[in-house]
Amino acid sequence: MDNDNTIAEKLNPPLPPDAKQLMDKIKKGKILRYQIDIFSVIAVITAVLVQFLAYWYRWPWYSLALVIMLMRTSHLAEHNHAHLPIFHNRFLNESIGWLMFLNCGIPLQSYREQHVHVHHQHLGTAGDWTSPWTYQGTIFPTKPVNKIYYLMTFMVASMLECAFIYIKKPLSKSTRYFTISMIIVGIIMIALAMHDFFNFTLYYAIPWIITYIYLALASWKQHVGCEYTSVYTTAINDFNIDSRELGFNIGYHTAHHWYPHLHWSLLEKFHDTYLAPHVPSNYYTPIWFPLWSKK
């Protein structure tokens, strides 16, 4: 029987020889790594500003829907930023990470550990402690943990696992930057809570909890039910508008698994060129909101 490393290697085969040339097609910037990432910066700043304005001016409670909608886009920008930093300058990268943390409740450094270094290296196999198959009594990939239990424990388990990493590597860059972000964002959060605890709870604490549950739900929807027999059967793809044009192409999830550091704007091209003929039809979700989608 294949061990975890053998399975992971099978699910992460070498990229097609010319695939890396796709990155040459994006216009590079002097401050931004790629000019198109101005959309990511705008998404994050807009989400942070609306969230703060809703808190400061005590907008009606139903404004929470707008905050959460913008927060999802901001988190997807953080997802992409964890894989491929937005700026050339490290300070700018860390600074926008603080804004993402303040908005979504997820430290950039922890997300790198959890998502980039663990999930994408192991893709649900035994080494992937973010997956629903590493709980007691589960069998990969046919028997995941109970869905509700997974949604409730996903972020708690991730926080504890990341804490162990930082404790064991107290002098690493990741631990240092994590500590700095915790201090900066922590001070801001304490100040906001002391100023107006009710609106802090409404526009910060509750959206953070929703983000944590959303992360677990997204992981479940994208991976549970997959056969994991090859790179083509490791993820479910979603071509609805919220997961394509409005979601930084996160819906091209099989492409993202195979080439996790490919820029989000190129995932459609990579999928159409290298994956479309091979991905089974049942690895696509129904398209309810296509809008101008070509699929």
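Val 116 is found in helix H5, helices being DSSP runs of H or I of at least four residues, numbered from the N terminus. The model is a predicted one, in which local features need pLDDT of at least 70, side-chain atom pairs count only at pLDDT 80 or more, and totals for chains, interfaces and linings use all residues. Residues are numbered from 1 along each chain as its sequence is written, and side-chain values use heavy atoms, with hydrogens and water left out.

Val 116 has a relative accessible area of 10% and is therefore buried (under 20% relative accessible area, with exposed over 50% and partly exposed in between; 1.4 Å probe, protein chains only). Residues up to four places away in sequence aside, Val 116 touches Ala 82, His 83, Tyr 111, Gln 121 and His 261, contact meaning heavy atoms within 4.5 Å. Val 116 and Phe 198 are separated by 82 residues in sequence and by 35 Å in space, C-alpha to C-alpha.

Helix H4 is mostly covered, with eleven of its 15 residues buried. Among them are Asn 93, Glu 94, Trp 98, Phe 101 and Cys 104. The cover over the buried residues of H4 includes H2, H3, H5, H7 and H8. The end C-alpha atoms of H4 are 21 Å apart, which agrees with the 21 Å that its 15 residues should span at 1.5 Å a residue; the expected span is 1.5 Å times one less than the number of residues.

Helices H2 (residues 38-56) and H3 (residues 64-83) pack at an angle of about 145°, their axes 8 Å apart. Axes are lines fitted to C-alpha atoms, for helices over the stretch in contact, and angles run from 0 to 180 degrees between N-to-C directions. On the H2 side, the residues that meet H3 include Ala 43, Val 44, Ala 47 and Val 50, and the H3 residues in this contact include Leu 66, Leu 70, Met 71 and Ala 77. By class, the contact of H2 with H3 has ten nonpolar, five polar and no charged residues (nonpolar: Ala, Val, Leu, Ile, Met, Phe, Trp, Tyr, Cys and Pro; charged: Asp, Glu, Lys and Arg; polar: the others, Gly among them).

A nonpolar core is a set of buried Ala, Val, Leu, Ile, Met, Phe, Trp, Tyr and Cys residues joined through side-chain atoms within 4.5 Å. The largest has 34 residues, of which Tyr 150, Met 189, Phe 200, Tyr 203 and Tyr 204 touch the most other members. The largest share of this core, nine residues, is supplied by H8.

How values were computed
Helix = DSSP H or I, 4+ residues; strand = E, 2+ residues; numbered from the N terminus.
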